[in-house]
Amino acid sequence: MVKVFIDSTGWNSIINSNFPYHLQGKEYFQQLLDSKTKIYTNIIEVNKAIYQIKTECDSPTAQEFSRLIDEAVLKSDIHLVWLTRRNRRNALKQFYSIRESKVDIRHCLIFGEIKKRKINAIFTFDEDLKYFGIPLMPQI
């Protein structure tokens, strides 16, 4: 079974019609749903997406997105990963060992989950994640 991790830029592309790759994001997300791909994300990426959607769209849209995520998690349509001390410790260890200045701690958290859960690709528009060598989708 194919597994995909969605980061904040992926979520933003689906919801925010002003996002530069909105159509590609919506289309790719529909492909994921149609193919019954296992979808993963983490609470940090969801919270960042909520902030971006509230800032770039409006508060009601961000609230609706948050409600939809909660509903999908309850129905097990999305696997929401919560940050643990171990996740954070491992991400920080990796972050401090990386010389690439564009790599953020949240990138290391994403990579840790991808390794742990054997995830196939990242639904993202964040080019800095290329550092980890995981396929970024959709390809633009």
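## Model and conventions

Helices (H or I, at least four residues) and strands (E, at least two) are DSSP runs, numbered from the N terminus. This is a predicted model, in which local features need pLDDT of at least 70, side-chain atom pairs count only at pLDDT 80 or more, and totals for chains, interfaces and linings use all residues. Residues are numbered from 1 along each chain as its sequence is written, and side-chain values use heavy atoms, with hydrogens and water left out.

## Helix α6 and Ile-105

Ile-105 sits in helix α6, which spans residues 105-117. Its relative accessibility is 30%, so Ile-105 counts as partly exposed. The classes are these: buried is under 20% relative accessible area, exposed is over 50%, and partly exposed is in between (1.4 Å probe, protein chains only).

Ile-105 touches Ala-91, Leu-92 and Phe-95, not counting residues up to four places away in sequence. Contact means heavy atoms within 4.5 Å. Ile-105 and Ala-91 are 14 residues apart in sequence, and their C-alpha atoms are 6.4 Å apart in space.

## Two nonpolar cores

A nonpolar core is a set of buried Ala, Val, Leu, Ile, Met, Phe, Trp, Tyr and Cys residues joined through side-chain atoms within 4.5 Å. The largest one has 22 residues. Trp-11, Phe-29, Leu-32, Phe-65 and Phe-123 have the most contacts inside it. At least two residues of this core come from each of β1 (3-6), α1 (8-15), α2 (22-34), α3 (43-56), α4, β3 (78-81) and β4 (121-123).

Phe-29 is in contact with Ile-6, Trp-11, Ile-14, Ile-39 and Phe-123, leaving aside its neighbours within four places in sequence.

Helix α1 is mostly covered, with 7 of its 8 residues buried. These are Ser-8, Thr-9, Gly-10, Trp-11, Asn-12, Ser-13 and Ile-14. Ser-8 has 0% relative accessibility, so this residue counts as buried. Beyond its neighbours within four places in sequence, Ser-8 is in contact with Glu-45, Lys-48, Ala-49, Gln-52 and Arg-106.

Two packed helices are described by the angle between their axes and the distance between the axes. The axes of α1 and α2 come within 7 Å and cross at roughly 100°. That makes α1 roughly perpendicular to α2. Axes are lines fitted to C-alpha atoms, for helices over the stretch in contact, and angles run from 0 to 180 degrees between N-to-C directions. Angles of 65 to 115 degrees count as roughly perpendicular, under 35 as roughly parallel, over 145 as roughly antiparallel, and the rest as oblique.

On the α1 side, Trp-11, Ser-13, Ile-14 and Ile-15 meet His-22, Gly-25, Lys-26 and Phe-29 of α2. By class, this contact has 4 nonpolar, 3 polar and 1 charged residues. Here Ala, Val, Leu, Ile, Met, Phe, Trp, Tyr, Cys and Pro count as nonpolar, Asp, Glu, Lys and Arg as charged, and the others, Gly among them, as polar.

## Helix α4

Helix α4 covers residues 59-74 and holds Gln-63. Gln-63 is exposed, with a relative accessible area of 54%. Gln-63 and Ile-53 are 10 residues apart in sequence and 9.1 Å apart in space, C-alpha to C-alpha.

Thr-61 is also in α4. At 26% relative accessibility, Thr-61 counts as partly exposed. Thr-61 touches Ile-15 and Ile-53, not counting residues up to four places away in sequence. Thr-61 and Ile-15 are 46 residues apart in sequence, yet 8.1 Å apart in space, C-alpha to C-alpha.

## Backbone exceptions

Most residues other than glycine have a negative phi, and most peptide bonds are trans. Lys-36 has a positive phi of about 55° and is not a glycine. Lys-36 lies in the loop between α2 and β2 (38-42). At 66% relative accessibility, Lys-36 counts as exposed. Ser-76 also has a positive phi, near 65°. Ser-76 is in the loop between α4 and β3. At 52% relative accessibility, Ser-76 counts as exposed.

A cis peptide bond joins Met-137 and Pro-138, with omega about -10°. Pro-138 lies in the segment after β5 (136-137).

## Cysteines

The structure holds 0 disulfides (pairs of cysteine sulfur atoms within 2.5 Å). Cys-57 counts as partly exposed at 30% relative accessibility. Cys-108 counts as buried at 1%.
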